[in-house]
Amino acid sequence: MTDTRRRVKLYALNADRQWDDRGTGHVSSCYVERLKGTSLLVRAESDGTLLLESKIQPDTAYQKQQDTLIVWSEGDNFDLALSFQEKAGCDEIWEKICQVQGKDPSVEITQDIVEESEDERFDEMSDSVQPVELPACEMGRLEDISELVNSCLVSPARKDKLAAALETQHYIKKLLNLFHMCEDIENIEGLHHLYEIFKSIFLLNKNTLFDTMFADDTIFDVVGCLEYDPSLPQPKKHREYLRELAKFREAIPIKNKDLLAKIHQTYRVQYIQDIVLPTPTVFEDNLLSTLSSFIFFNKVEIVKLIEDDDKFLTDLFKLLMDDKTPDVKRRDLVLFLKEFCNFSQNLQPQDKDAFYKTLVSLGILPALEITLSIDDQKTKTASIDILTYIVEFSPSVVRDYTLQQANNTEEEQMLLNIVIEQMLRDQDPELGGAVQLMGVLRILLDPESMLASVNKSEKADFLNFFYKHSIQTLIAPLLENTTGEKPLKEDYHTVQLLGLVLELLSFCCEHHTYHIKTCILNKDLLRRILVLMRSTHTFLVLGALRFMRKIIALKDEYYNRYIIKGNLIAPVIDAFLRNNGRYNLLDSAILELFEFIKLEDIKSLCSHVVENYGKILEDVEYVQTFKALKTRYDQHQDKLKERDRVSGSVAVAEAVVPSLLRSRYRREARQPDDEEEMWFNDDDELEDDAPLDSAQTHPHPHAHAHHALDAIGKIVEKKVCSSTESANGPSRVLLSTTTTSKPAHTDVQGLVDYDGDSDEEEEGGSSSAAADERDAKRPRLA
């Protein structure tokens with residue numbers, strides 16, 4: 001469907017009594033067989049999906065508001081609204097609703113009775129027989145009128161009847177005439193009654209009455225009635241404020257009279273809701289939902305009217321970027337843009353996306369580069385608010401603009417660096433602007449909100465840009481203040497700013513593993529940050545400790561070696577000792593850091609702490625952290641000693657075996673000499689149960705190597721057996737040594753098998769069949 005007359009936005013009232021945008025589409029009315037009646041259908045303009053299918057019930061109260069709005073309730077506490085793009089479309093659908101219900105299309109509401117509980121329905125049936133009769137609008141009857149209006153608030157049916165009577169009899173304007181009379185003669189009692197009457201009329205929650213009260217010729221009189229609160233000794237001066245103090249500044253002359261009137265009305269109604277009306281009780285909160293809806297739809301309409309005026313926005317940004325524009329004028333322009341962005345928060349996501357794209361295309365980001373640097377506090381604060389609105393909705397828009405500046409803009413003029421500079425230069429004692437800008441930077445640097453696709457790698461590009469062009473600006477005040485053993489400046493403003501910088505760096509440390517690691521190692525950043533452990537401000541000490549804790553939590557050996565080499569645990573130990581066991585947050589945070597090292601078994605840091613600070617920490621007995629750390633260290637050392645012993649035995653074997661094998665297997669063919677012949681013969685005479693040491697009675701030139709091989713053989717056999725049995729149960733060991741039936745030198749043949757000639761072959765003392773049998777029994781190295 002392309003008919004813009006039927007183009008609508010669908011809204012639903014949520015539990016917080018705020019309107020949620022359910023989508024944009026086109027509305028139609030037709031007979032639905034499944035629902036057995038004529039229904040309102042809204043199909044999304046994007047994909048044609050059904051957004052709404054609502055049967056027009058004969059007893060449902062439909063309200064037509066502001067010529068382009070139809071509101072109704074479906075069931076309990078479920079209100080719907082259709083906001084039409086054009087008045088003609090609203091009139092067409094309204095006529096269809098009235099036709100189904102048999103009503104005259106000229107009415108603003110189709111039903112007087114709303115469906116409630118059974119008891120209330122009974123009351124309504126009885127009340128509907130007796131319409132509300134309003135007393136004569138006279139000064140002497142104001143008390144009666146006040147009592148009648150208050151009595152009608154208890155029943156929804158009586159509220160509807162009262163609203164209808166007030167509207168048909170033009171009673172509100174009559175009451176306002178009495179207000180003028182009471183003010184002229186200073187009838188305070190009558191003015192107090194009028195306050196109660198108009199307060200109750202607001203609680204009727206009827207849009208038709210609001211249209212009358214908020215008209216240009218009546219709204220100030222309504223505000224005047226609400227000035228005379230009986231509980232106050234003197235009346236408020238709301239009208240004086242709205243007329244004289246609240247001045248409307250046109251940043252650019254607004255030629256659209258409808259837009260101008262809507263802006264004035266919205267401001268005044270918002271003032272009534274926020275300032276004039278008393279704070280509603282829990283029971284009255286929902287009774288003002290229609291007033292909130294009135295303001296909501298007004299703001300949406302204002303944004304649409306401004307967006308549709310291309311010349312207005314173009315002239316605004318042209319004036320904002322002009323160097324000749326006075327600072328006062330520029331401040332008005334920025335304040336207008338801030339309110340414009342604030343109103344846009346009521347738009348649905350796709351409309352809000354188009355809204356911000358329009359602002360970016362018109363040059364909002366280059367304009368913010370100028371306005372953020374202006375010394376005027378109001379201009380700067382409004383600029384920060386605008387930037388926050390943009391970044392919170394679409395950080396990618398700001399990132400794309402920043403990346404475009406990489407090759408054609410000086411570093412100090414880049415938007416990202418301007419934001420950082422303004423954060424660091426904030427002169428507000430509470431650092432309100434700095435905190436807000438830090439939040440903006442955190443969103444921009446959050447990898448979770450960065451896009452990555454085949455043709456676009458926003459995360460890599462933006463982080464490379466930040467760490468190349470901006471990180472030095474961020475850490476500059478930190479480096480300047482930590483050139484010595486203690487912080488150079490300890491005033492509250494400086495340490496507050498350093499605390500914000502530390503918080504942002506801790507976020508980067510946690511989420512930017514590679515880039516921040518390079519920065520920390522190259523600039524020795526952790527050492528400089530740990531200088532802040534000597535600060536007199538505990539929160540700054542905790543900030544520095546938190547940064548180190550983030551690094552250790554990564555369990556990165558590059559970081560661990562950096563900490564050990566620079567002895568960067570020392571400032572933490574020093575702060576712990578200076579705290580002297582006081583039970584406070586600093587003590588707990590330091591203990592938690594060492595507890596983490598112990599629980600995560602970070603061996604390098606554990607050894608460093610115990611070896612360098614074990615003597616100092618061994619007297620700490622109110623917690624078991626350091627004793628447990630020492631125990632864990634001892635366990636590590638025992639394992640290392642066992643490993644070194646095994647490695648030493650293997651090294652001996654590796655050193656001896658080659659020389660042994662070369663001497664026995666790689667020599668040229670020859671007959672064994674007499675000494676070797678005697679040694680081999682003696683081996684054969686040993687009994688099976690002879691001890692291994694018996695071989696020592698016939699020393700051999702390589703006897704010491706055989707003992708080493710025997711020890712290695714036992715270890716290998718033990719490890720293979722244990723691993724094999726644990727996995728598959730007992731099995732035959734492939735690598736083994738024989739220590740009871742043969743002397744130690746036979747292990748050489750058991751561990752190593754060569755394809756070359758053996759000594760027996762050289763001597764010719766065994767047949768080829770015997771050799772094959774021996775080869776079959778000889779274990780192989782896997």
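Strand 5 and strand 6 form a hairpin with 3 residues between them, and Gln-66 in its turn adopts a positive phi of about 55 degrees. Helices (H or I, at least four residues) and strands (E, at least two) are DSSP runs, numbered from the N terminus. The model is a predicted one, in which local features need pLDDT of at least 70 and side-chain atom pairs count only at pLDDT 80 or more, whereas totals for chains, interfaces and linings use all residues. Residues are numbered from 1 along each chain as its sequence is written, and side-chain values use heavy atoms, with hydrogens and water left out.

Gln-63 has Val-71 of strand 6 as its bridge partner. Strand 6 (residues 69-73) is mostly covered, with 4 of its 5 residues buried, where buried means under 20% relative accessible area, exposed over 50% and partly exposed in between (1.4 Å probe, protein chains only). Strand 6 also runs antiparallel to strand 7, through 5 bridges, and Trp-72 stands opposite Leu-80 of strand 7.

Strand 7 (residues 79-84) pairs in turn with strand 1, in the antiparallel sense and over 5 bridges; here Tyr-11 stands opposite Ala-81. Strand 1 (residues 7-13) is largely enclosed by the rest of the structure, because 6 of its 7 residues are buried. Strand 2 (residues 19-32) runs antiparallel to strand 1 and is joined to it by 7 bridges, with Gly-25 of strand 2 as the bridge partner of Val-8. The hairpin of strand 1 and strand 2 has 5 residues between the strands, and in it Arg-17 takes a positive phi near 65 degrees.

Positive phi values also occur in loops between helices. Glu-186, which is not a glycine, has a positive phi of about 60 degrees and lies in the loop between helix 5 (171-185) and helix 6 (188-203). Asn-205, likewise not a glycine, has a positive phi of about 65 degrees and is placed in the loop between helix 6 and helix 7 (207-213). Glu-186 counts as exposed, at 65% relative accessibility, whereas Asn-205 is buried, with a relative accessible area of 13%.

The buried residues of helix 19 are Gly-433, Ala-434, Leu-437, Met-438, Val-440, Leu-441 and Leu-444. They cover an arc of only 160 degrees around the axis, which puts them on the same side of helix 19; the arc is that of the directions from the helix axis to the C-beta atoms. An α-helix has 3.6 residues a turn, so residues three or four places apart point the same way.

The second largest pocket holds about 1,100 Å³ of space. On a 1 Å grid over the protein atoms alone, a pocket is an open set of points where a 1.4 Å probe fits, with protein on both sides within 12 Å along at least five of seven lines, and lining residues have an atom within 4 Å of a point. Of the 33 residues lining this pocket, Lys-247, Phe-248, Arg-249, Tyr-267 and Glu-339 are the closest to its centre. Helix 9 (238-245), helix 10 (257-276), helix 11 (289-308), helix 13 (327-344) and helix 16 (377-393) each supply at least two residues of the lining.

Methods. Points joined across faces, edges and corners; volume = space filled by probe spheres on them. Pairing = 2+ DSSP bridges.
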